[in-house]
Amino acid sequence: MTEPSTTRAGADPAPAPASAAARRGPVVAALMLAMGLAALDGTIVSTAVPQIVGDLGGLSVFSWLFSGYLLAVTVTLPVYGKLSDTFGRKPVLIAGTVLFLVGSLLCAAAWNMASLIAFRVVQGLGGGALQGTVQTIAADLYPLKERPRIQAKLSSVWAASSVAGPAVGGLLAGYADWRWIFLVNVPVGLIALWLIGRHLREPARTAPRARVRVDWAGALAIFATGALLLTALVQGGVAWPWLSAPSLGLLGGAAALAALTVAVERRAAEPIIPGWVWRRRTIAAVNLSLGALGLLMVAPTVFLPTYAQSVLGLGPIAAGFVLSSWTLSWPITAALSNRVYTRIGFRLTAVVGISLALLLLLAFPFLPFPGEPWQPALLMLLLGGALGLFQLPLIVGVQSTVPYEERGTTTASVLFCRQVGQSVGAALFGAVANGVLASRLGADTDLDTLARSLDATDRIRRAVDAAVDRVYWGAAAAAALALLALLTLAPRRFPVLKEEEQGAPRRDPAD
């Protein structure tokens with residue numbers, strides 16, 4: 001017997017009537033629009049960087065357009081998760097969407113690179129609410145058996161954004177003005193706000209609190225710790241050497257603030273990151289596994305396009321299609337994963353998925369040189385399928401082990417770990433790749449320089465091939481860590497709560 005089948009006391013709850021499903025539709029549309037705002041953000045901006053730099057200047061610091069946004073999203077995820085458990089999902093999602101739209105308008109009005117970076121941070125402060133709260137509401141709306149449906153729809157939003165974002169950004173920057181890449185967020189966000197305000201009805205709480213206490217000291221400590229750590233990871237090896245005073249100072253400051261954060265959270269009555277997030281084996285295992293997922297995802301998303309252009313000789317658009325092949329299979333296997341985990345359980349399904357991913361990552365370094373474009377594209381297609389089978393059962397499973405009032409914090413914790421894993425992966429694998437290139441081509445060579453180079457000699461192509469191979473070995477090691485976390489920490493059967501214990505709406509979640 002598997003987790004879903006052991007959580008029922010008697011018969012399954014009666015399915016929602018057709019009218020309830022119809023009323024749930026606008027809420028799902030709102031969630032997809034809100035998620036689309038966050039998903040499009042990075043890809044649509046990246047293609048407009050030349051126009052932005054040409055207009056505003058600031059070439060030496062333009063990377064902070066992405067780093068500042070990522071930092072703000074990552075460090076606010078646990079804060080918004082706790083706030084959604086305290087005040088409800090709807091007000092947090094509305095506030096986050098409004099903040100994101102305000103940031104978008106400010107970005108469109110930026111007068112120099114410094115102001116644009118600052119306003120991107122404002123956008124990121126809203127983006128943290130979008131990513132975490134949308135995932136939490138999706139779990140609130142659907143009972144356990146139906147959750148893969150909404151999760152697959154949200155996955156398809158990310159897939160479509162990865163393909164459409166660069167094209168839309170390029171068209172707006174080339175034929176209109178780069179400021180429109182931020183202004184297009186406004187009508188989409190306003191529609192999402194209207195749908196959320198009109199149609200989203202949250203389930204009543206079982207025991208309303210007479211007095212709400214928000215751990216603002218803990219929130220500030222988490223924000224400061226994350227800001228120092230991510231700044232060190234993002235800028236180390238780029239703006240300054242890893243062993244320089246700025247890197248060591250930031251990492252040391254982050255460590256000191258982390259110790260302070262633990263002390264603050266232990267004393268707080270309602271901590272932002274409660275201790276049970278790490279004391280419960282299931283949540284701890286999922287946090288570590290998805291942190292490793294964030295780490296391994298850096299290999300294809302960051303390094304495969306450079307490989308496709310420098311080694312295979314493809315143009316930017318064709319290189320993008322090689323990468324985007326995994327966005328076709330990921331949502332499909334995610335949608336079908338419930339047919340697997342209802343039979344063999346959440347943990348074993350995730351183990352199968354990450355084991356397949358491990359084998360595929362190990363296969364990449366054995367591709368022939370220079371090879372054909374279909375070979376990495378096929379590996380990416382299969383890798384997306386494996387990761388869809390890995391990620392979604394873990395998210396659905398861990399959300400089903402906690403009641404309504406803990407689901408926001410739990411969801412935010414796993415997303416936070418995934419985001420931190422991506423930041424660590426970008427720094428770690430960037431250092432690995434640049435080290436290989438420096439050893440083969442010279443001390444002053446790095447991957448960014450070669451990616452912009454039009455002269456891809458055979459020596460350069462072989463050096464890039466070796467560097468990316470080494471990165472994929474590292475990604476395989478991250479997959480092995482995820483597998484190890486599942487096998488050693490996760491229980492064989494997730495302790496899934498009954499539907500009524502989860503606080504799931506019995507009949508009409510949207511009305």
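Colleague: How many salt bridges does the count come to?
Modeller: First, this is a predicted model, where local features need pLDDT of at least 70, side-chain atom pairs count only at pLDDT 80 or more, and totals for chains, interfaces and linings use all residues. Residues are numbered from 1 along each chain as its sequence is written, and side-chain values use heavy atoms, with hydrogens and water left out. A salt bridge here is a side-chain nitrogen of Lys or Arg within 4 Å of a carboxyl oxygen of Asp or Glu. By that rule, the count is five.

Colleague: Which residue forms a salt bridge with Arg179?
Modeller: Arg179 sits in the loop between α7 (147-175) and α8 (180-183), and its partner is 124 residues apart, in helix α3 (residues 49-56). (Helices are DSSP runs of H or I, at least four residues, numbered from the N terminus.) The closest N and O atoms are 3.7 Å apart, and the partner is Asp55.

Colleague: How far apart are the closest N and O atoms of Asp140 and Arg407?
Modeller: This pair links distant parts of the chain, with Asp140 in helix α6 and Arg407 in helix α19, 267 residues apart. Asp140 also meets Arg89 in a salt bridge at 2.7 Å, N to O. For Asp140 and Arg407, the closest N and O atoms are at 2.3 Å.

Colleague: Which residues are linked with Asp85 in a network of salt bridges?
Modeller: Side chains of opposite charge can pair when their charged atoms come close. Asp140 has salt bridges with Arg89 and with Arg407. The residues networked with Asp85 are Arg89, Asp140 and Arg407.

Colleague: At what angle do α4 and α19 pack?
Modeller: Helix α4 (residues 64-87) and helix α19 (residues 404-441) have axes 7 Å apart. Axes are lines fitted to C-alpha atoms over the stretch in contact, and angles run from 0 to 180 degrees between N-to-C directions. The helices are roughly antiparallel, a label for angles over 145 degrees, and the angle is about 170°.

Technical notes. Helices (H or I, at least four residues) and strands (E, at least two) are DSSP runs, numbered from the N terminus. Angles under 35 degrees count as roughly parallel, over 145 as roughly antiparallel, 65 to 115 as roughly perpendicular and the rest as oblique.
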